[in-house]
Amino acid sequence: FTTALFSSVSESERIDDEVLEEADTVTTYQPGIPKGFFIVDHTSTPSDGFDMDAVAQIFGSNEIDRLKLTSINVTLPVALMVLDPETYPSLSRARKSCRKGYVLIHRGPLPNQDVFEPTKCIRGRVGDRVFAGDVLAQQVKIGNGWYNAQYHEKPPFELPVVYEDDHFAIVNKPAGIVTYAHRNAGHGRMSVRAALPFYVKAPKAGTFSIISRPIACHRLDKPTSGLLIVAKTKPAMVNLTRQFAERKVKKTYTAIVNGIPSEDTETRITSLDAYKLGVDVDPNDENSWQVIDHTLDEKHAITVWRSLRYVKSLKARDGVLTMVELKPKTGRYHQLRRHMAWDRDSPLVGDKIYDDGTPESMVFRERGLFLCSNHVTLEHPYYNTVLGRKEWDNMKGDLKYAGGIVSQDNDGIVRVTASIELPSKFESFLSHEEARALKFEEKEQVNNAAVQ
């Protein structure tokens with residue numbers, strides 16, 4: 001089966017193994033038959049013929065005689081089951097794929113490595129014969145509709161699309177869902193990777209170098225919710241990966257921490273200072289920020305942050321929960337969680353790894369992690385290219401700016417800025433804790449008044 005390594009990644013940026021592994025399997029579609037179908041996988045039949053022992057394990061001798069099966073001449077469903085038993089585990093599955101037009105037969109070997117010759121291709125049907133040396137391809141229809149997901153069930157969770165065009169998309173990952181399913185981890189369909197084909201639209205026909213399925217360009221931890229950037233084409237995948245490596249993608253997170261994080265004078269910076277550091281801050285904003293410059297895993301790591309809200313809590317450290325805004329300049333492993341827990345002694349609520357195991361922390365563990373990636377800005381991966389700029393210049397306003405998500409700055413760079421509301425559990429949790437604390441205070445006041 002064909003694969004194509006799309007690019008190398010700068011060593012200065014940590015890119016997760018899952019993302020790199022996924023990127024290594026990116027395959028550009030070749031057109032299939034009829035128009036609108038594209039080839040996503042293929043395999044060659046043995047040049048010296050099929051293994052008749054393998055055929056005999058599927059069919060009895062009577063059926064082999066009836067269908068006149070030989071080592072160099074078998075029916076298409078039989079060939080599919082022998083060559084790809086994982087995709088075609090039963091005769092009914094193989095026949096169904098043929099009836100729906102999902103199989104293409106290339107007569108004879110491919111003339112140029114992995115390139116199909118259209119004049120030698122036919123759309124496979126149940127009764128077609130396959131000969132030694134033929135190439136069988138799996139094709140799907142992805143013209144103006146959805147990515148094909150014929151062999152999978154829809155995952156039992158929603159994956160809202162915040163923005164998308166023919167080149168990339170931004171989705172809102174729910175907490176508790178992994179970005180990529182790890183081998184032998186039992187995630188099954190509970191991954192963003194499995195859900196993307198059901199929620200993200202395929203590029204329109206004619207889009208350059210579309211890839212076989214939408215691919216997340218980075219990772220959010222399982223307990224973290226929020227914005228996830230997804231590539232639809234090979235050039236977009238390369239461009240977006242490069243933007244992450246060069247730290248051009250600027251993300252903002254919101255979290256709830258346990259206690260009151262220290263805001264030292266020595267680490268206070270202005271909005272202009274934060275802007276110059278390279279995070280997404282309005283340089284004219286009068287608010288000050290805090291900066292954490294704390295090495296992680298022997299690598300430079302910087303987080304810019306500020307407190308947004310303080311809420312009383314009977315269970316929290318010092319009786320207070322703090323909502324904070326976090327803007328990472330670097331992207332180290334668990335950077336935000338480790339920086340707040342280790343440098344400011346205020347672990348994120350629900351962080352089972354870095355909450356230090358104190359009673360004030362453990363009491364909140366079952367509520368889940370309160371960390372959301374709720375704002376992101378980046379350069380558009382296509383409209384800043386030579387071909388993309390021509391298309392951008394010819395687009396009309398309403399379509400062009402996508403309701404304000406897409407913009408063009410004074411330097412001519414087309415940018416995408418997406419934001420989402422925080423999950424409802426944030427406000428629900430804070431309101432609940434505050435209400436309990438106030439109720440307790442009122443009760444204490446009544447008791448004190450009665451004593452007096």
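Predicted model: local features only at pLDDT ≥ 70, side-chain atom pairs only at ≥ 80, totals over all residues.
Q: Good. So is arginine 344 buried or exposed?
A: Arginine 344 has 4% relative accessibility, so it counts as buried.

Q: Where is arginine 344 found?
A: It lies in the loop between H9 and H10.

Q: Which side chain makes a polar contact with arginine 344?
A: That would be glutamine 290: the two side chains are joined by a polar contact of 3.0 Å.

Q: And what else is arginine 344 in contact with, leaving aside its neighbours within four places in sequence?
A: Its contacts include Pro261, Ser262, Glu263, Asp264 and Thr267, and also Val291, Ile292, Trp305 and His339.

Q: Let's move to methionine 340. Where is that one found?
A: Methionine 340 is in helix H9, which covers residues 335-343.

Q: Buried or exposed?
A: Methionine 340 counts as buried, because its relative accessibility is 0%.

Q: What is methionine 340 in contact with, setting aside neighbours within four places in sequence?
A: Among them are Val257, Pro261, Ile292, Trp305 and Leu326, along with Asp345, Ser346, Pro347 and Leu348. Pro261 and Trp305 are also on the contact list of arginine 344.

Q: How far apart are the C-alpha atoms of methionine 340 and proline 261?
A: They are separated by 7.7 Å, while the two residues are 79 residues apart along the chain.

Q: Okay, new topic: strand S12. How many of its nine residues are buried?
A: Eight of the nine residues in S12 (residues 250-258) are buried, so the strand is largely enclosed by the rest of the structure.

Q: Which way do S12 and S17 run, parallel or antiparallel?
A: Antiparallel, with six bridges joining S12 to S17 (residues 371-379). In one of these pairings, threonine 252 has histidine 375 of S17 as its bridge partner.

Q: And how do S12 and S16 pair?
A: They also pair in the antiparallel sense, over six bridges, S16 being residues 320-328. Over there, isoleucine 256 stands opposite methionine 323.

Q: Now aromatics. How many aromatic pairs does a search of the whole structure find?
A: Eight aromatic pairs. One of them is phenylalanine 370 with phenylalanine 426, an edge-to-face pair at 5.3 Å centre to centre with 70° between the planes.

Q: Which parts of the chain does that pair link?
A: Distant ones, 56 residues apart: phenylalanine 370 is in the loop between helix H10 (359-362) and S17, and phenylalanine 426 is in helix H13 (residues 424-451).

Q: Which residues form the aromatic cluster?
A: Phe364, Phe370, Phe426 and Phe429 form one cluster.

Q: What charged end sits over the ring of phenylalanine 370?
A: The charged end of lysine 425, 4.5 Å from the ring centre. Elsewhere, the charged end of arginine 123 sits over the ring of phenylalanine 37, 5.0 Å from its centre.

Q: Last one: how many disulfides are there?
A: Zero, taking a disulfide as a pair of cysteine sulfur atoms within 2.5 Å.

Key. Residues numbered from 1 in each chain as written. Heavy atoms only, no water. Buried < 20%, exposed > 50% of the residue type's maximum accessible area, 1.4 Å probe, protein only. Helix = DSSP H or I, 4+ residues; strand = E, 2+ residues; numbered from the N terminus. Pairing = 2+ DSSP bridges. Phe/Tyr/Trp six-rings, centres within 6.5 Å; stacked < 30°, edge-to-face > 60°. Lys NZ or Arg CZ within 6 Å of the ring centre and 35° of its normal. Contact = heavy atoms within 4.5 Å. Polar contact = N/O pair within 3.5 Å; in protein donor to acceptor, adjacent residues only side chain to side chain.
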